[in-house]
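Please keep the sequence and the model open side by side while reading the numbered points below.

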Amino acid sequence: QVQLVESGGGSVQAGGSLRLSCAAARRTYSTYYMGWFRQAPGKEREIVAAIRRTGGITYYGDSVRGRFTISRDNARNTVYLQMNSLNVEDTAEYYCAAASYGSVWYNVNDYAYWGQGTQVTVSS
């Protein structure tokens, strides 16, 4: 069964915006952290942003802070990543993931559930 399904990726020119969505199964969506990671070819998977289950507390990787916004709609079991001011360095496969209580929000190895990924390509 598919637990997490990303959508919204595509190609955009530098300076543009994209909004990614992650639809989650209810039992997966209720985990302590929902996060977005990205991985470019030949590079390690890195944290983009994370959001806690309650309270709306968010966390951001240094490279995206101020440009990207993570949010969640609990009624729809959906997590979003609004990406503004995109640059070529943002080109990567973007993954939605979930981690349980006790995890470190930025630690890729603490996330047990992963989507299939959606490609974001920024040109110019």
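1. N77 lies in the loop between β7 and β8, where helices (H or I, at least four residues) and strands (E, at least two) are DSSP runs numbered from the N terminus. At 11% relative accessibility N77 counts as buried, a word that stands for under 20% relative accessible area, with exposed meaning over 50% and partly exposed in between (1.4 Å probe, protein chains only). Leaving aside residues up to four places away in sequence, N77 touches C22, A23, A24, R26 and Y29, a contact being heavy atoms within 4.5 Å.

2. A word on the source of these values. This is a predicted model, in which local features need pLDDT of at least 70 and side-chain atom pairs count only at pLDDT 80 or more, while totals for chains, interfaces and linings use all residues. Residues are numbered from 1 along each chain as its sequence is written, and side-chain values use heavy atoms, with hydrogens and water left out.

3. One of the residues that N77 touches, C22, is also part of a disulfide, a pair of cysteine sulfur atoms within 2.5 Å. By this rule the count comes to one disulfide, and it joins C22 to C96 with an S to S distance of 2.1 Å. The link of C22 and C96 is left-handed, with -80° about the S-S bond. It connects distant parts of the chain, since C22 is in strand β3 (residues 18-24) and C96 in strand β9, 74 residues apart. Both C22 and C96 are buried.

4. T31 lies in the loop between α1 (26-29) and β4, and at 12% relative accessibility T31 counts as buried. Its side chain makes polar contacts (a pair of N or O atoms within 3.5 Å; within protein, one must be able to donate a hydrogen and the other to accept it, and residues adjacent in sequence count only if both atoms are side-chain atoms). The side chain of T31 reaches the backbone oxygen of T28 at 2.8 Å and the backbone oxygen of Y33 at 3.4 Å. Not counting residues up to four places away in sequence, T31 touches R53, A98, A99 and Y113.

5. Which residues are linked in a network of salt bridges? They are R38, E46, R67 and D90, where a salt bridge is a side-chain nitrogen of Lys or Arg within 4 Å of a carboxyl oxygen of Asp or Glu. A search of the whole structure finds four salt bridges. In one of them the side chains of E46 and R38 meet at 2.7 Å, N to O; E46 is partly exposed at 35% relative accessibility, whereas R38 is buried, with a relative accessible area of 5%. The side chains of D90 and R38 meet in a salt bridge at 2.8 Å, N to O. D90 lies in the loop between β8 (78-83) and β9 (92-99) and R38 in strand β4 (residues 33-39), so this pair ties together parts that are 52 residues apart in sequence. R67 also forms a salt bridge with D90, the closest N and O atoms being 2.8 Å apart. That pair links R67, in the loop between β6 (58-60) and β7 (68-73), with D90 in the loop between β8 and β9, 23 residues apart. D90 is buried, with a relative accessible area of 2%.

6. The next topic is the nonpolar core, a set of buried Ala, Val, Leu, Ile, Met, Phe, Trp, Tyr and Cys residues joined through side-chain atoms within 4.5 Å. Of the 27 residues in the largest nonpolar core, M34, W36, L81, M83 and Y94 touch the most other members. At least two residues of this core come from each of β3, β4, β5 (46-52), β7, β8, β9 and β11 (118-123). A second, separate core of 10 residues includes Y32, Y59, A99 and Y111.

7. The structure holds nine aromatic pairs; rings of Phe, Tyr and Trp (its six-membered ring) pair if their centres lie within 6.5 Å, and planes under 30 degrees apart count as stacked, over 60 as edge-to-face and the rest as tilted. F37 and W114 form a tilted pair, 5.1 Å centre to centre with 55° between the planes. Here F37 in strand β4 and W114 in strand β10 (residues 111-114) are 77 residues apart. F37 is buried, with a relative accessible area of 0%, whereas W114 is partly exposed at 27%. Y95 and W114 form an edge-to-face pair, 6.3 Å centre to centre with 80° between the planes.
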